[in-house]
Amino acid sequence: MLSENMQAALNKQIRIEAESSQIYLAMASYAERKGLEGVSQFMYDASDEERQHLLKMFKYVNERGGFAKVSELSQPALEFGSIKEMFETLFKHEVFVSKSINELVHISLEEKDYATHNFLQWYVAEQIEEEAQARTILDKINLIGDDKGGLYLFDNDIKQLNVVSSVAPGV
Ligand code: OFO
């Protein structure tokens with residue numbers, strides 16, 4: 001059985017995962033409107049993946065006798081100064097999500113809730129991969145700079161990059 005405190009913290013994270021999905025959906029729209037088909041597909045996939053993260057946690061809360069809640073979401077940024085700025089926003093967001101997951105792990109240990117601690121390890125590993133992927137993409141974009149041809153090649157290149165572990169096990 002989840003404690004009230006643990007349940008509230010997990011529901012807060014469920015909201016963050018839902019907002020992540022919205023953030024990447026908005027980025028997909030931005031990239032699509034810029035004609036960057038590869039980047040927009042990457043963002044659509046990332047948005048779907050965040051929804052899987054949400055569902056995995058949502059089901060866990062109910063499975064442990066809690067109440068998984070659907071909450072109101074904040075409107076994400078719809079426009080960006082450039083593709084580079086968009087990926088910088090993505091990277092910063094993933095760093096924020098990692099901190100939030102770490103905070104959850106901390107609460108699970110304080111509560112001596114070892115089942116939740118175990119459950120959260122999947123998210124810890126996922127965040128390491130997502131941050132690394134975002135960093136790799138930013139490095140590439142920094143290399144390209146303002147070169148339009150480079151951006152065109154990058155857009156093709158990103159199609160080969162599968163979104164990290166696209167299916168969350170247990171969903
Ligand atoms: Fe849910 O992993 Fe990104 O935010």
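## Buried residues, cores and helix packing

Q7 is buried, with a relative accessible area of 10%. The model is predicted. Q7 lies in helix α1. Setting aside neighbours within four places in sequence, Q7 is in contact with L2, V61, G66, F67 and K69.

K140 is ten residues away from G150 along the chain. The C-alpha atoms of G150 and K140 are separated by 9.5 Å.

**Nonpolar cores**

In soluble globular proteins, nonpolar side chains tend to be buried together. Here the largest nonpolar core has 24 residues. Those with the most contacts inside this core are M27, V39, M43, I83, M86, F87 and F154. Four helices each supply at least two of the core residues: α1 (4-33), α2 (37-63), α3 (83-110) and α4 (114-144). Helix α1 gives the most, with six residues.

Take M86 as an example. Leaving aside neighbours within four places in sequence, M86 is in contact with M27, Y30, V39, M43 and F80. A second core of 21 residues is separate. Its members include L2, L55, V105 and I107.

**Helix packing**

Two packed helices are described by the angle between their axes and the distance between the axes. Two pairs are listed here.

| Helix pair | Angle | Axis separation |
|---|---|---|
| α1 and α3 | about 170 degrees | 11 Å |
| α2 and α4 | about 170 degrees | 12 Å |

Angles over 145 degrees count as roughly antiparallel. That makes α1 roughly antiparallel to α3. The residues of the contact of α1 with α3 divide into 16 nonpolar, seven polar and two charged.

Helices α2 and α4 are therefore roughly antiparallel to each other as well. On the α2 side, the contact is made by F42, E49, E50, H53, K56, M57 and Y60. On the α4 side, the residues are A115, T116, F119, L120, W122, Y123, E126, E130, Q133 and I137. The residues of the contact of α2 with α4 divide into nine nonpolar, three polar and five charged.

Definitions and conventions
Residues numbered from 1 in each chain as written. Predicted model: local features only at pLDDT ≥ 70, side-chain atom pairs only at ≥ 80, totals over all residues. Heavy atoms only, no water. Core = buried A, V, L, I, M, F, W, Y, C linked by side-chain atoms within 4.5 Å. Buried < 20%, exposed > 50% of the residue type's maximum accessible area, 1.4 Å probe, protein only. Contact = heavy atoms within 4.5 Å. Axes fitted to C-alpha atoms, helices over the stretch in contact; angles between N-to-C directions. Parallel < 35°, antiparallel > 145°, perpendicular 65-115°, else oblique. Nonpolar A, V, L, I, M, F, W, Y, C, P; charged D, E, K, R; others polar.
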